[in-house]
Number of protein chains: 2
Amino acid sequence: MNTSPSPAPRVLAFDVFGTVVDWHGGIAREVQALRPAVDGNAFALAWRAGYQPAMRRVMSGELGWTLIDDLHRLILDGLLVQFGLQDLSEAELRHLNKAWHRLDPWPDVVRGLTRLKSRHTLCTLSNGNIGLLAGMAKRGGLPWDCILSAEVFRAYKPDPATYLGVAKVFDVAPSEVMLVAAHHDDLAAARGCGLQTAYIERPAEFGAGQPKDVSPCPANTRHASDFLALADQLGC
Amino acid sequence: MNTSPSPAPRVLAFDVFGTVVDWHGGIAREVQALRPAVDGNAFALAWRAGYQPAMRRVMSGELGWTLIDDLHRLILDGLLVQFGLQDLSEAELRHLNKAWHRLDPWPDVVRGLTRLKSRHTLCTLSNGNIGLLAGMAKRGGLPWDCILSAEVFRAYKPDPATYLGVAKVFDVAPSEVMLVAAHHDDLAAARGCGLQTAYIERPAEFGAGQPKDVSPCPANTRHASDFLALADQLGC
């Protein structure tokens with residue numbers, strides 16, 4: 001972790017999938033509620049694995065601008081046969097696709113955000129679309145000051161337009177924004193744009209059976225086990 | 001008011017300047033705090049009067065896409081000599097320009113929104129930029145589920161892209177969205193896109209000295225004296 005003193009960030013921008021909410025647990029649970037025989041763990045991992053390649057198809061220009069809801073559906077349609085889900089009705093598929101709106105926050109999140117909100121402006125910075133993020137926040141009681149998304153900037157992370165876009169929206173310098181994320185690649189891209197960065201350990205992001213390496217990266221401004229620990233570090 | 005039964009709206013989208021916050025009182029107070037000799041009422045009316053013409057310059061293509069913060073500054077710069085404000089420093093001008101971020105909500109707003117939020121998704125739909133609306137919400141404790149703005153849609157109201165954009169963001173039919181506003185022209189444009197509409201009386205929008213005609217328009221779905229009365233009507 002960088003030991004030089006950094007000014008207190010005015011804005012904390014949060015990655016969402018994996019950092020704020022447990023996508024693996026939520027997706028596995030929802031598919032098993034529909035079809036108990038499906039391997040929920042394998043299905044969640046497969047659906048999520050299609051995410052980066054799908055966004056690359058958009059950013060390369062192969063697909064026009066596409067909301068994550070629609071990319072999730074595109075990926076889902078490609079998994080139906082493999083997981084024996086081809087008999088799901090259109091209504092069931094639409095419902096399952098919106099499981100990404102219904103993901104639960106990790107246990108520390110609501111208390112941690114509430115503390116952090118007292119001294120900072122809190123926003124999302126997710127590739128998820130605005131409606132997805134707003135539905136998730138309303139359901140989970142996530143106290144965002146503002147929902148920002150790739151949809152606002154018409155670019156997915158790690159495009160610099162997203163990280164710099166947060167600073168522009170709030171009319172602050174990039175160094176006054178801290179990206180909070182459980183993914184070192186996202187944080188590295190933010191750092192490349194001049195943002196401060198906080199890594200959050202989410203060892204169970206890929207499920208209890210696949211513990212994630214949560215080793216610190218010295219380049220990050222902060223490294224915290226969860227949002228409560230980050231609030232401690234930031235004096236909130 | 002339309003007496004045919006309308007389905008309960010899922011999303012309430014709120015106009016902000018005049019409907020949620022008292023721009024006249026806030027601007028008059030802030031300019032007089034800087035220069036007590038200025039006629040705060042006349043200054044507030046003049047600054048606001050520049051708003052529609054400035055947006056028309058953007059929508060006609062004469063100006064490129066411009067945030068309301070920047071349009072406010074453009075208009076302000078044109079008023080300095082008339083109001084004897086040409087000696088303000090750049091820092092004072094920047095501060096005054098952000099008075100639009102610091103407008104107070106009308107007295108019924110926070111309680112009304114809190115009640116309405118229990119059964120509806122609440123968002124802004126304002127020509128104000130996202131940073132302005134987020135700062136105002138944080139300062140005033142406005143419990144939005146989501147901040148939507150002309151900035152998200154790259155079009156100002158009354159462009160249909162804004163009203164229809166709300167329905168698209170939340171993946172609902174236009175008839176499942178209700179625009180809540182203190183301005184009949186805004187509501188008429190929303191109605192033209194298939195939204196439900198609620199008119200809110202704000203007789204003091206232009207100051208106590210210039211009471212506004214708040215007569216009902218029968219085409220609106222609802223007509224309410226304030227947000228508490230709207231919550232009563234919607235059973236919240």
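The model is predicted, so local features need pLDDT of at least 70 and side-chain atom pairs count only at pLDDT 80 or more, while totals for chains, interfaces and linings use all residues. Residues are numbered from 1 along each chain as its sequence is written, and chains are lettered from A and ligands numbered from 1 in the order in which they are written.

Chain B contains an open sheet of six strands with parallel pairing, in the order β3-β2-β1-β4-β5-β6. Strands (E, at least two residues) and helices (H or I, at least four) are DSSP runs numbered from the N terminus, and two strands pair if DSSP finds at least two bridges between them. Because β3 (146–149) and β6 (222–224) of chain B each have a single partner strand, they stand at the edges with one side lacking a neighbour in the sheet. From one strand to the next the twist averages 25°; axes are lines fitted to C-alpha atoms, for helices over the stretch in contact, and angles run from 0 to 180 degrees between N-to-C directions.

Helix α9 (residues 160–170) of chain B lies across β1 (11–14), β2 (121–126), β3 and β4 (177–181) of that chain, at about 150° to β2(B).

Helices α1 (residues 23–34) and α2 (residues 40–49) of chain B have axes that come within 8 Å and cross at roughly 120°.

Definitions and conventions
Contact = placed C-beta atoms within 7 Å.
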